[in-house]
Structures are given as structure tokens and as C-alpha cells.
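Here is a short report on a model with its sequence alongside. Keep both in view while reading.

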2 protein chains.
Amino acid sequence: METVQFGFHLTLDLYGCPLQPLNHMPTVYDSLDKLPKKIGMTALIPPYVIHADANDAKDPGGYTGFLIIQESHISVHSFAKRGFVSIDVYSCKTFDVEKTKKHFVEIFQPTEVEEHFLNRGVNYPVKDLYE
Amino acid sequence: METVQFGFHLTLDLYGCPLQPLNHMPTVYDSLDKLPKKIGMTALIPPYVIHADANDAKDPGGYTGFLIIQESHISVHSFAKRGFVSIDVYSCKTFDVEKTKKHFVEIFQPTEVEEHFLNRGVNYPVKDLYE
């Protein structure tokens, strides 16, 4: 069976961000809303963002947002009081990782960035298995 | 500054699944809805599932579902005609990876499983940086 790689998954964990962008729902919303156009993706719904209350010693509360794109998804979890935000960009098309990083770094202004890149679905079938 | 690991991120890419569970919205919904209780997580909203139409040669269409949990998120992208589904379980608490895998394998019945596990936010601050 002929196969191809399905997906490209970038994770960004940003440290040392100022409080304000992390604690501001419109900023988290915009971080999702404005990325697809910059990297050639297409949103299927508007971003969905909710506030999560403080939960335990590890979780001081913040905003969780996600955006379903034609290519897969983008998600953002902010933990404002810790200056931390955890981001995923998962796409079935290759995309500009540096541009994506720059987008989030400009918005959240971290002092440090931790990243991973996963190649996913490396044996994805080129053709349909079913009618 | 005292730090701790923030998150635990499991990715599962399932191959060779039968058409029916992948092409059935209630099944995709249930795969998200029923997992949190099994692995000690708490949903913040009901699962959100949409149908994505066929897009290009790579994407024969399918369902994308997302569940925001107190601990981060769970996502499912099915590509029914290719027998493929791509899953993320991302949590700020450790969780039972084998139980999680069993949950999705029982539902989607793959012939092959590709997985990754990421340790994320490894320098997450133990204490708030801001009031």
C-alpha cells in the first residue's frame, strides 16, 4: 500500500510571559483567530475560548482556546499567574514553523521557548481503503 | 525558581480501522465523552464535534472532535475512508496511558497503532509569578 506522512505537529511551551496577554481573553482569541491566514490554513469555526478557574496547586486558572482548522487544530492553554502558555499547532499540511513561533512570541512575549515537533501518521494511506 | 513538569501529552495515530466507527458522529462523540471518567479527568464542556468535508487528495473528510478538560484537552480527527484517526490526550496530571490506548483501540479497532509521548513544560514554575 502506498503511504505518505499525514501530519506535522508543533508544540510550544512559553515561559516568563507578562501577565496581561495571558490573562486577556481577546488576546487569546486573537492568537488563534489570526494565525491561520498567516500560515495558509483555513478555520472551520471561529475560535472557542473559555476561562478555566484555579483548580489545584499546579493550576492557577487561565484561558483555554481551540480552533478547528481544515488541516486539524490549534490550541492554547494559558496559566496567567505562572507566566506560562502551552500551544499546539497540528496540521496535515507542512507549515512555516518559524512564522508560527514568531506569531505566538510576539503576542505572549516569553523569555524562554520550549518546543517539540512530531511527524505523525507516517504510514497514512495515499488512497481510500473504503468506497 | 522551583519548577515542576507541567504536562503529559500522548498522541495516538490509528491505522486500519473499519469504516463505521470513524464515520459515525455519535461514536466520535462518545470516544471523547467517556474517556475523562476512566482516567480521572474532568470535562469543562461537552465534546464539540463537527464534520469536515473532503478537502483535497489527502483529506477524504471525516469528524473532528474536541473536549476541553480541566487538565488540558482531548482531540480526535477521523479520516474514515482511509481507516485512520489521529488522537491527542494532553493533561497537566499524569494518567494511565495503557487504559487510554485501550479505550480508543476498543472503539476504533485499528490494526496498527503509532504513538508518541511528550513531556511538556518541564520548567513550569511551582509558584505564581504574579499576584
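## A pair on one helix

A:Lys102 and A:Glu106 are both exposed (exposed means over 50% relative accessible area, buried under 20%, partly exposed in between, with a 1.4 Å probe and protein chains only). They sit in helix H4 of chain A, four residues apart, about one turn of the helix. The two form a salt bridge, with the closest N and O atoms 3.3 Å apart (a salt bridge is a side-chain nitrogen of Lys or Arg within 4 Å of a carboxyl oxygen of Asp or Glu). Helices (H or I, at least four residues) and strands (E, at least two) are DSSP runs, numbered from the N terminus.

## About the model

This is a predicted model, in which local features need pLDDT of at least 70 and side-chain atom pairs count only at pLDDT 80 or more, while totals for chains, interfaces and linings use all residues. Residues are numbered from 1 along each chain as its sequence is written, chains are lettered from A and ligands numbered from 1 in the order in which they are written, and side-chain values use heavy atoms, leaving out hydrogens and water.

## Salt bridges

Side chains of opposite charge can pair when their charged atoms come close. Over all chains, the search finds 16 salt bridges. Six of these cross the interface of chain A and chain B.

B:Arg82 meets A:Asp128 in a salt bridge (2.5 Å, N to O). The pair runs from the loop between strand S5 (72-79) and strand S6 (84-91) of chain B to the segment after S8 of chain A. B:Arg82 is buried, at 5% relative accessible area. A:Asp128 is partly exposed, at 38%.

Within chain B, B:Lys101 and B:Glu115 meet at 2.5 Å, N to O. B:Lys101 lies in helix H4 (residues 97-108) and B:Glu115 in strand S7 (residues 112-120), so the pair ties together parts that are 14 residues apart in sequence.

## How the chains meet

The contact (heavy atoms within 4.5 Å) takes 59 residues from chain A and 59 residues from chain B. Of the interface residues of chain A, 100% are also interface residues in chain B, so the copies meet through the same surface.
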